[in-house]
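Visitor: I am new to this structure, and I would like to understand the terms that are used for it. Could we look at it together and go through them slowly?

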Amino acid sequence: AYGAQRHRREQFERGFDQLATEPAVTQDGTRVHLLTNLELADTDELAQTDAQGADGVGLYRTEYAYLASDALPAEDDLFDIHRAILASAQGRPVTFRTVDLGGEKVLPLLDVTHNVEGIENVRGVRLCLRYPRVWEAQLRALWRACAYGEARVMFPMVPGVAEFRAAKHAVHAARDQLQREGIPCADELEIGAMIELPSAVTVADLLAEEADFLSIGTNDLIPYSLGLDRAYMDRTMVSEPYHPGILRAILRVAEEGQRHGAPVTVCGEMAGDPFYVLPLIAMGVRSLSMSAASIPQIKRVVRSTTVNEAKDVLGRLLDLPTAEAVDYELHRHMLEHYAHLLVSHVAEVDSVGPDGY
Ligand code: PEP
Ligand code: MG
């Protein structure tokens, strides 16, 4: 059975190489940028990014340099890592996400945070603002590296405008310091806010005004919005991403982004879910960042749809009251029109249930 499944997958993946050189454009000419998420940024990941013809890196999770070390990483080491990623991107844009530690990711290595009461209660940009030593070297390294390529920077877990402004201030202070020291660095950087918290959705209009761009992190937005534990959600998923509360939250951010001229990317796992492509295109999202392996399938769906079809689908979904109803309607539409493009249907059809999914 596995042999047969592998054969179907190989058949399905035939043509992916050629697809890598084709742009992700809808049937009616709308360009969608398909980017990758990098975690280790090792040679494998960078090669995959290239092989799949990604338009750039939409999320580089910089904390891996911290997790791999038993001390806060040094500025020169971070500079080397960041510059190497920009070099491998060969002119394509790379979005660096400043270090996202905290919550379950506070490690003893962070001597600065060790034994500090309450440290486990702060995360992401809040942690960096409270304990500036955590990202001081990173901010300097970023400015230095960014002189070597097309780079942007964004902050994780931004709760609202005050934290975003404070973080921007820290970024600019790092550049001013480098310039005073006569160390070569970039002059300007686009600075974005990740939308991963319900409060950030609520003030999306204000953040869109302050930020050069927004990036929606659905991996955190979903559990924080729905009162779920992220580890539990990663194991079970079920219909949670299709919850009307999540659909409307993303729509709100997409609309505010357009209203205030801040382009919106979706960079959580949802961006690589072929069932979600049409709703996101309909909302006006033109940039999706995912693991490189998801790009061919998402590109096939983008290249087969039109903005009008996507808007029809979204219009129907927005009238539905429950996650299960949205899930059902979306799957019904996709299986009716796109089953031949979905790896879950074509290559793994053995595991498809009686209802077709
Ligand atoms: C997210 O939360 O969706 C995201 C992209 O960030 P991370 O998965 O690194 O928390
Ligand atoms: Mg996150």
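Predicted model: local features only at pLDDT ≥ 70, side-chain atom pairs only at ≥ 80, totals over all residues.

Visitor: What makes a residue part of the surroundings of ligand 1, and which are the closest?

Guide: A residue is near a molecule if one of its heavy atoms lies within 4 Å of it. Around ligand 1 there are 13 residues, and the closest are Arg61, Arg97, Glu196, Asn219 and Arg230.

Visitor: How do you know that Glu196 makes a polar contact with ligand 1?

Guide: A polar contact is a pair of N or O atoms within 3.5 Å; within protein, one must be able to donate a hydrogen and the other to accept it, and residues adjacent in sequence count only if both atoms are side-chain atoms. Between a polar side-chain atom of Glu196 and an oxygen atom of ligand 1 the distance is 2.8 Å, so the pair falls within the cut-off. For an N or O atom in the side chain of Asp220, the distance to a ligand oxygen is 3.0 Å.

Visitor: Why is H16 called roughly antiparallel to H17?

Guide: Axes are lines fitted to C-alpha atoms, for helices over the stretch in contact, and angles run from 0 to 180 degrees between N-to-C directions. The axes of helix H16 (residues 307-318) and helix H17 (residues 323-338) come within 9 Å and cross at roughly 155 degrees. Angles under 35 degrees count as roughly parallel, over 145 as roughly antiparallel, 65 to 115 as roughly perpendicular and the rest as oblique, and therefore H16 is roughly antiparallel to H17.

Visitor: What makes H5 oblique to H7?

Guide: The axes of H5 (residues 75-89) and H7 (residues 133-145) come within 8 Å and cross at roughly 40 degrees, which means that H5 is oblique to H7.

Key: Residues numbered from 1 in each chain as written. Chains lettered and ligands numbered in written order. Heavy atoms only, no water. Helix = DSSP H or I, 4+ residues; strand = E, 2+ residues; numbered from the N terminus.
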